[in-house]
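I opened my notebook to look through this structure piece by piece. These are my entries, in the order I made them.

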Amino acid sequence: MTDRRDGQAGLSPLPHTVSREPWDPYARPPMTADQQRFALASQWTLMWWKLRRHKLALISGAVLLVLYVCTLFVEIVAPYEQDTKIIPYVNHPPQAVHFFHDGEFIGPFVYGTRLERNLELMRREFIVDREDIQPLRFFCSGDPYRFWGLFDWDFHLVCPAEDGRLFLLGTDQLGRDMFSRIVYGARVSLTVGLVGVAISFLLGIFIGGLAGYYGGWVDNLVNRVIELFQSFPQLPLWMALSAAVPATWNPIVIFFMITIILGLVDWTGLARAVRSKLLSLREEDFTTAAQLLGAHPRRIVNLHLLPNFMSHLIASATLAIPGMILGETALGYLGLGLQPPVVSWGVLLNSAQDINAVAVQPWLILPVVPVIITVLAFQFFGDGLRDAADPYK
Amino acid sequence: MLAYIARRILVMIPTLLVISAVSFVIIQLPPGDYLTTLENELLSRGEALNPAQLQYLRETYGLDQPLVIQYFNWIGNALQGDWGFSFEHQAPVTTVVGDSLFLTIVITAATTLFIWVVSFPIAIYSATHQYSIGDYTLTFIGFIGLATPNFLLALILLYLANVYFGTSIGGLMDPIYIEQPMSWAKFFSVLEHLWVPVIVIGTSGTAAMIRRLRANLLDELQKQYYVTALAKGLPRGRALMKYPLRMALNPFIADIGGILPQLISGATVVAVVLSLPTSGRILLESLQSQDMYLAGSFIFWLSGLTVVGVLLSDLALAVLDPRIRLSGGSVK
């Protein structure tokens, strides 16, 4: 010690200045407009700003928005009703939309087709007739349907020409337009994920909340149950449960049973997240303060703790949706769960089970495309949300 | 270490018991039993089972007993190696399940290896070359792999192979070996066919593993001990191998517990798509025809596989990391 003091004594003292101005401890440098905007912004605004910088997530969000708006108006978006059989156009290949005929601009149209029997190959073939030009009609009346099951209407976004046909993605074995069926299928497939996640979200918050807030033996019990659930491989469990749903039930009841099954199996991840967050938050001072003031545990959890990590939960829930959509698709493909005449992407893929049929009519496999697009969009969007979920970092 | 292993195995027993009970309850959920299915099938063919015969069958299989008694009968016999009788296949469950379960294990083990072997070097490259073109490309491919559902991937591969090569990539061995006893020739044939399902099932797991290992490694590369090691003149590769890599290795093994159920899930559908002789198709059929002992044993065994897998990964972790075997808990 003495050595150091000796050493310091050898140095010349630093220049010493004292400001005589009175010092106001509350005076702060004024914030710039930008800083002020940032400081006053709510948590959700901050999240939005952060999400906005994540271009891929933004694009994915837009794609999802378009998809979900479409599910509201499938009857209008699809050129045909889901069960309309356009006989004899069975197993018709997809038609390309053209704009020019012999170098002359006509606007969007398709060439008509003729059914011919190819006696060499012993099969029916559709020959494209390049003389038969069928211009598409837009905002038109076409195939009649019952809008939302409420009233009859025949308005469509796009229709085939009068007495013409429009098979953008071909037709199936019964002559139903695949594009229309995929659009109709979106209604079921996309809502399955939302409803399923809502169920697992509620279960996860409730059970995880119990475990995290009370801790002790409740926590132990919940943890054991979660471990148990997680050691079941999801898909076989889903298969077993949906095999238990009688196929004779009302399709709507079956739909809800399937979503409940999807949600029941999937809540463990969310419950874990809620639990670990609550465990750390309940040690915070504001929780103790609320407890000392005599607040009810439900009030503490709902009002003080949940908002702290709600954004996180929403992000994880978003990431859980694609799993459910895939679950439904897999079940539908296997022929469990939803059954025709209900149309979902999984049910549509069920006809792709026979790979030899797919080799001849490759368009049967097309429902794969919207599934992959949706799953990708949810992944990117959920990732962006998760990054944005903690704007203060 | 021994105490840790013993305790870990003891904990497993109640888990397995509960799993068996849950499996049993689930397969009892659908109204009716296999005999109802049988009756309906016969009726649709215009034949009828006479009631006395039905009653006799019901009594022999113990289907008239209360559920609890049926469960204890089943699990009691199961402990002695008798997993019940498959109505559909007219054979003991063990015979039906045995081979396909073994193949499921082979596929799952191969996929796990595949995930390790592929994700390890890619993750190291990605982490050490952060923000390089290679990193971006690999991350992007990983994203696609993560998002492409494996059974759709299988479907697309199957279609492409059918159209462009005219061959079927389905199956797990050359047709001549089906129904043959295990031999070296059959074994090699299986090896030849194994890569398709392994890639299909393993893609998303690999992608997930790459992302996690990359993130872990990036964290470790920031730490001072690594900077110190570099500052003291340790060559980069050696410093990497000696310290951060070992730290980042933990989740590499611990994650297997989480990935295993996914792999088995994936293997089930992919098996149906690619018509592999593993559990998928048989499980599906047994569920549809309410062949309860078969379905129940399947669900139990598939879940049991993951439990054992998690046990193995925990034990491996304990070997690797003294903190775990000394404190007794898992460090995550």
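**Entry 1: a turn residue**

I began with A:Asp102, which counts as exposed because it has 6 C-beta neighbours inside 10 Å. The cut-offs I used: a residue is buried if 20 or more other C-beta atoms lie within 10 Å of its own, exposed if 12 or fewer, and partly exposed in between, with C-beta atoms placed from the backbone. I found A:Asp102 in the loop between E1 and E2 of chain A. Its phi is positive, about 50°, although A:Asp102 is not a glycine.

**Entry 2: ground rules**

I noted that this is a predicted model, where local features need pLDDT of at least 70, side-chain atom pairs count only at pLDDT 80 or more, and totals for chains, interfaces and linings use all residues. Residues are numbered from 1 along each chain as its sequence is written, while chains are lettered from A and ligands numbered from 1 in the order in which they are written.

I checked the confidence next. The pLDDT (the predictor's confidence in each residue, from 0 to 100) averages 82 in chain A, and 96% of the residues score at least 70. Over residues 1-7 of chain A, the pLDDT is below 50, and this stretch has zero contacts in the model beyond near neighbours in sequence. Two residues are in contact if their C-beta atoms, placed from the backbone, lie within 7 Å.

**Entry 3: the strands of chain A**

I listed 15 helices and five strands in chain A. Both kinds are DSSP runs numbered from the N terminus: helices are H or I with at least four residues, strands are E with at least two. Strands pair if DSSP finds at least two bridges between them.

I followed the pairs along the chain.

- E1(A) (residues 98-101) and E2(A) (residues 104-118) pair in the antiparallel sense over three bridges. A:His98 has A:Phe109 in E2(A) as its bridge partner. Two residues lie between these strands in the hairpin, and A:Asp102 is in that turn.
- E2(A) and E3(A) (residues 123-135) run antiparallel, joined by 10 bridges. A:Arg117 has A:Arg124 in E3(A) as its bridge partner. Their hairpin has four residues between the strands, and A:Met122 takes a positive phi near 60° there.
- E4(A) (residues 137-147) and E5(A) (residues 151-159) pair in the antiparallel sense over seven bridges. In E5(A), A:Cys159 stands opposite A:Arg137. Three residues lie between the strands of this hairpin, where A:Trp148 has a positive phi near 50°.

I also stopped at A:Phe139, in strand E4 of chain A. Phi of A:Phe139 is positive, near 45°, and the residue is not a glycine. Is A:Phe139 buried or exposed? A:Phe139 is exposed, with 10 other C-beta atoms within 10 Å.

**Entry 4: the overall form of chain A**

How is chain A divided into domains? An automatic or database domain assignment sets the bounds, giving domain 1 (95-166) and domain 2 (180-389). The C-alpha centres of these two domains of chain A lie 39 Å apart.

The C-alpha trace of chain A spans about 110 × 60 × 50 Å along its principal axes. The radius of gyration of chain A is 30 Å, well over the 21 Å that the globule rule gives for 393 residues, so chain A is more spread out than a compact globule. That radius is taken over C-alpha atoms, and the rule is 2.2 Å times the number of residues to the power 0.38. Of the 393 residues of chain A, 37% count as buried.

**Entry 5: where the chains touch**

I turned to the contact between the chains, which takes 30 residues from chain A and 37 residues from chain B. On the side of chain A that touches chain B, the elements giving two or more residues are H7 (216-231), H8 (234-243), H12 (297-334), H14 (355-360) and H15 (368-388). H8(A) gives the most, with seven residues. This side of chain A divides into 26 nonpolar, four polar and no charged residues. Here Ala, Val, Leu, Ile, Met, Phe, Trp, Tyr, Cys and Pro count as nonpolar, Asp, Glu, Lys and Arg as charged, and the others, Gly among them, as polar.

**Entry 6: chain B**

Of its 332 residues, 36% count as buried. B:Gln80 lies in the loop between helix H4 (67-79) and strand E1 (85-86) of chain B. B:Gln80 is exposed, with 7 other C-beta atoms within 10 Å.
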